[in-house]
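Welcome, and take a moment to look at the model before reading on. We will walk through it together, from the whole chain down to single pairs of side chains.

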Amino acid sequence: MPPFPVRLPQAQPSSTTRAAAAAAAAVGAVIAAVALRRYLSTSRRRPSASVAMSALRSSSSSSASAATTLVAYGKSPQDQELLASAAGSVAPGEGGSAGEFAVALSYAGAGFDAGAYMGALRARRFGRWMLWSPRIGSTQDLIAQNFAKLPVGVVCVADVQFKGRGRSKNVWESPPGCLMFSFTSQMQDVRKLPLMQYVVCLSMTEAIKELCRAKGLPELDVRIKWPNDLYLKGLKVGGILCTSSYEAKLYNICTGIGLNVDNEKPSTCLNAALQEANAISPRLKREDVLAYFFNKFENLFEIFSNQGFQALEEQYYNSWLHSGQRVVVQDAHEGQSVGSVVTIQGLTPTGYLYAIGEDDKSYELHPDGNSL
């Protein structure tokens, strides 16, 4: 393979620096939680009267069932208390009027085992706060519209979405059995922002492999289709959407993921592939997939933040579909469209596809619309 585009050299942090950064990140998460708890305890704003801080049952009254139900969970009782307090002031993300929701600390008959998820979670910064809903418009809209009210690293999980969306305003089908979640993060360097989706894609492919190995299951070869889709045996099984906003010298990032875990339609799913490999194979659970994702993402996000995407490139190229792929690009020449065959080599420093044509010219290929 020809060499990748030249990048400016980056100073590599020492092991001592990396250890100090990791320790600082962990301490920072604790400090942020304490600060938010203090803010909430001293704030004079109160949740609307329609917010129910209680246990809910799946057979609730008609008025409660018409509301969006959010159940707050935490890695510790203190985390749960913090999130429940913060969630009391959120507005529904599906465009309904403010106040049409109920916040609870438990939910009888919940379709997602929060205890199993928290038990498998090892990440300290991401996923330790979770909002779960049996049915919501969009997890992405909820956390995006309420970013400042929730702790950074919170995840919103839903069993069913009815306004899920993908890249370029595409609708994301969200049938039962699909793992659907959105979470928050932050970064300062705008140059890294377009590359965030690649870190997320890599984290999910690596997490699925590690989970299969841990469970003694056949390893699923989930691959990355640039820029932000996940494929298995030539069929799409997942997609990633990253959006961001800028405030107080920080980029607030909302990342949404949909992954077909247990729903064979409309394409295929992880468990269908496992059953094909071994008819008596145990099935993957959404809770384990989510926990393993955050365990892996936290590690890769730290590397990405400290060393840049270049430190992850080899892993990324081992997981994507495009090395050496030949594609036809259309160029406008004297009012006519002319097709040129190019071979994909890798990514440019800004995250676009880098390709070389048959005339040895370099090309930068852009997607059909995928802004962070």
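What follows is a short tour of the fold, the charged pairs, the aromatic rings and the cysteines.

This is a predicted model, in which local features need pLDDT of at least 70 and side-chain atom pairs count only at pLDDT 80 or more, while totals for chains, interfaces and linings use all residues. Residues are numbered from 1 along each chain as its sequence is written, and side-chain values use heavy atoms, with hydrogens and water left out.

Let us begin with the overall picture. The protein has 9 helices and 14 strands; helices (H or I, at least four residues) and strands (E, at least two) are DSSP runs, numbered from the N terminus. Of its 372 residues, 49% are buried, where buried means under 20% relative accessible area, exposed means over 50%, and partly exposed lies in between (1.4 Å probe, protein chains only). The protein exposes about 17900 Å², and carbon and sulfur atoms supply 52% of that area; the areas come from the Shrake-Rupley method with a 1.4 Å probe, and for residues only the protein chains shown count as cover. Among contacts (heavy atoms within 4.5 Å) between residues at least 6 apart in sequence, 68% join residues at least 24 apart.

Now for the charges. Side chains of opposite charge can pair when their charged atoms come close. The structure holds 12 salt bridges, each a side-chain nitrogen of Lys or Arg within 4 Å of a carboxyl oxygen of Asp or Glu. One of them joins Arg 128 and Asp 79 at 2.7 Å, N to O. This pair links distant parts of the chain, with Arg 128 in the loop between α4 (114-120) and β4 (129-133) and Asp 79 in helix α3 (residues 77-87), 49 residues apart. Both Arg 128 and Asp 79 are buried. The charged end of Arg 128 also sits over the ring of Trp 129, 5.9 Å from its centre; for this, NZ of Lys or CZ of Arg must be within 6 Å of the ring centre and within 35 degrees of the ring normal.

Another salt bridge brings together Asp 159 and Arg 286 at 3.1 Å, N to O. Asp 159 lies in the loop between β5 (155-158) and β6 (178-187) and Arg 286 in helix α8 (residues 286-307), so the pair ties together parts that are 127 residues apart in sequence. By contrast, Lys 209 and Glu 206 both lie in helix α6 (residues 196-214), 3 residues apart, about one turn of the helix. Their side chains meet in a salt bridge of 3.8 Å, N to O.

Next come the rings. The structure holds 22 aromatic pairs: rings of Phe, Tyr and Trp (its six-membered ring) pair if their centres lie within 6.5 Å, and planes under 30 degrees apart count as stacked, over 60 as edge-to-face and the rest as tilted. Tyr 198 and Tyr 316 form a tilted pair, 5.5 Å centre to centre with 50 degrees between the planes. Tyr 198 belongs to helix α6 and Tyr 316 to helix α9 (residues 313-319), 118 residues apart. Phe 126, Phe 181, Phe 183, Phe 293, Phe 294, Phe 297 and Phe 301 form one aromatic cluster.

How many disulfides does a search of the whole structure find? The search finds 0 disulfides, a disulfide being a pair of cysteine sulfur atoms within 2.5 Å. The closest cysteine sulfur to that of Cys 242 is in Cys 201, and at 7.8 Å it is too far for a bond.
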